[in-house]
Amino acid sequence: MTLYAEVECREEEGRAMSLEDGIRPLEAGVRTDLGTGMSYGRYLELDAVLHAQHPKSDPPHPDEMLFIIQHQVTELWLKLTLHELRRARGFLDADALHPALKCLARVKHVQRTLTEQWSVLATLTPTEYAQFRGTLGSSSGFQSAQYRAVEFILGNKNAAMLPVFDSEPAAQRMLAELLAEPTLYDAFLRFLARAGHPVPAEILDRDVTRPWVAHPELIPLFREIYEHGQQPGDGTWGVYEACEDLVDLEDNFQAWRFRHLRTVQRVIGFKSGTGGSSGVAFLRRALDLTFFPELYAVRTEIGA
């Protein structure tokens, strides 16, 4: 009998035993003493994570748990997104393009997950949500510091958001730091300049605390990259790929915003938001925001 056949025979015996008594036997090496060493729960600090859901409705509405978990999970994914965007910016500052693109690839997967999550919240009917919506008080997703942080590092900076977090010093410090730091796009343009691309000096020296606005003078640079940078091996393919990754980021972000809008409209219609916004109308205006306008504008020029 071959070694493979012997192993297969033992597996069959194990399966037969399991079927016989309905119990799947543990492998001999599986650790079952969780009292010492690092356990799964301690590593992930699951006591804190799984006991962080505290419905405010009285008596607790069963669907409030969905609402809380949906938003807590979103905040965790936003934390990872911000972590990876900062890493990508750092790699670009060090002229390490390919590791930066790896970070962006991970962010894109997170974005797709975030967008798909809206389908879970959309199972909440208007009647169900209305039964506990009052417990939210004036709390709102508008107050998410991490969402603002992601927008800041992508270029949609707004100093007027800092006073919103006067009562949350740690969040305010995070946003103040990102307000004063270059964006991911700034880092990419500086990388291009060091690589010999003609990025205007006034753009490289811009006030990074200001929101990004379109710079038409960048369009010829990007047109050159798109029209002549698609040859693998000539040293420009990576830059071309980076441009498309940035476009992917923005497309994904807009898809997330749109799915958010549609979910809100499905659940509360055109009511005002709990935080005082106009609700759907407010979310619709956010669709007009753009992070990398030149990478879209160049498409009109290519082939014209």
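Arginine 89 is buried, with a relative accessible area of 11%. That value is under the 20% limit for a buried residue. Its side chain still has a charged partner: arginine 89 forms a salt bridge with glutamate 181, with the closest N and O atoms 2.9 Å apart. Arginine 89 lies in helix α4 and glutamate 181 in the loop between α8 and α9, so the pair ties together parts that are 92 residues apart in sequence. Glutamate 181 is partly exposed, at 24% relative accessibility. The model is predicted.

**Salt bridges**

- The structure holds 11 salt bridges.
- Side chains of opposite charge can pair when their charged atoms come close.
- Arginine 87 and glutamate 84 meet through their side chains in a salt bridge (3.1 Å, N to O).
- Both residues, arginine 87 and glutamate 84, lie in helix α4, 3 residues apart, about one turn of the helix.
- An α-helix has 3.6 residues a turn, so residues three or four places apart point the same way.
- Glutamate 84 also forms a salt bridge with arginine 106, where the closest N and O atoms are 3.0 Å apart.
- Glutamate 84 lies in helix α4 and arginine 106 in helix α5, so this pair ties together parts that are 22 residues apart in sequence.
- Glutamate 84 is buried, with a relative accessible area of 2%.
- Arginine 87 counts as partly exposed at 35% relative accessibility, and arginine 106 counts as partly exposed at 35%.

**Overall build**

- The protein chain has 14 helices and 0 strands.
- Its radius of gyration is 25 Å, well over the 19 Å that the globule rule gives for 304 residues, so the chain is more spread out than a compact globule.
- The C-alpha atoms fill a box of roughly 75 × 65 × 40 Å, taken along the principal axes.
- Of the 304 residues, 38% count as buried.
- Among contacts with a separation of 6 or more, 69% come from residues 24 or more positions apart.
- The chain exposes about 17,600 Å², and carbon and sulfur atoms supply 58% of that area.

- Just after α7, glycine 155 takes a positive phi of about 125°.
- Arginine 257 is found in helix α12 (residues 237–268).
- Arginine 257 is buried, with a relative accessible area of 4%.
- Beyond residues up to four places away in sequence, arginine 257 touches Tyr147, Glu151, Asn156, Ala286, Leu287, Leu289 and Phe291.
- The side chain of arginine 257 makes a polar contact with the side chain of glutamine 254 (3.0 Å).

**Alanine 100**

- Alanine 100 is found in helix α5 (residues 97–121).
- Alanine 100 is buried, with a relative accessible area of 2%.
- Apart from neighbours within four places in sequence, alanine 100 is in contact with Ala88, Phe91 and Leu92.
- The C-alpha atoms of alanine 100 and leucine 85 are separated by 8.6 Å, with the two residues 15 apart along the chain.

**A nonpolar surface patch**

- Met38, Tyr40, Tyr43 and Leu44 make a nonpolar surface patch of about 540 Å².
- Methionine 38 sits in the loop between α1 (3–21) and α2 (40–44).
- Methionine 38 counts as exposed, at 62% relative accessibility.

Definitions and conventions: Residues numbered from 1 in each chain as written. Predicted model: local features only at pLDDT ≥ 70, side-chain atom pairs only at ≥ 80, totals over all residues. Heavy atoms only, no water. Patch = residues over 30% accessible without salt bridge, like charges linked within 9 Å, V, L, I, M, F, W, Y side chains within 5 Å. Areas by Shrake-Rupley, 256 points an atom, 1.4 Å probe, with all protein chains shown as cover. Salt bridge = Lys/Arg side-chain N within 4 Å of Asp/Glu carboxyl O. Helix = DSSP H or I, 4+ residues; strand = E, 2+ residues; numbered from the N terminus. Buried < 20%, exposed > 50% of the residue type's maximum accessible area, 1.4 Å probe, protein only. Rg over C-alpha atoms; globule rule 2.2 N^0.38 Å. Contact = heavy atoms within 4.5 Å. Polar contact = N/O pair within 3.5 Å; in protein donor to acceptor, adjacent residues only side chain to side chain.
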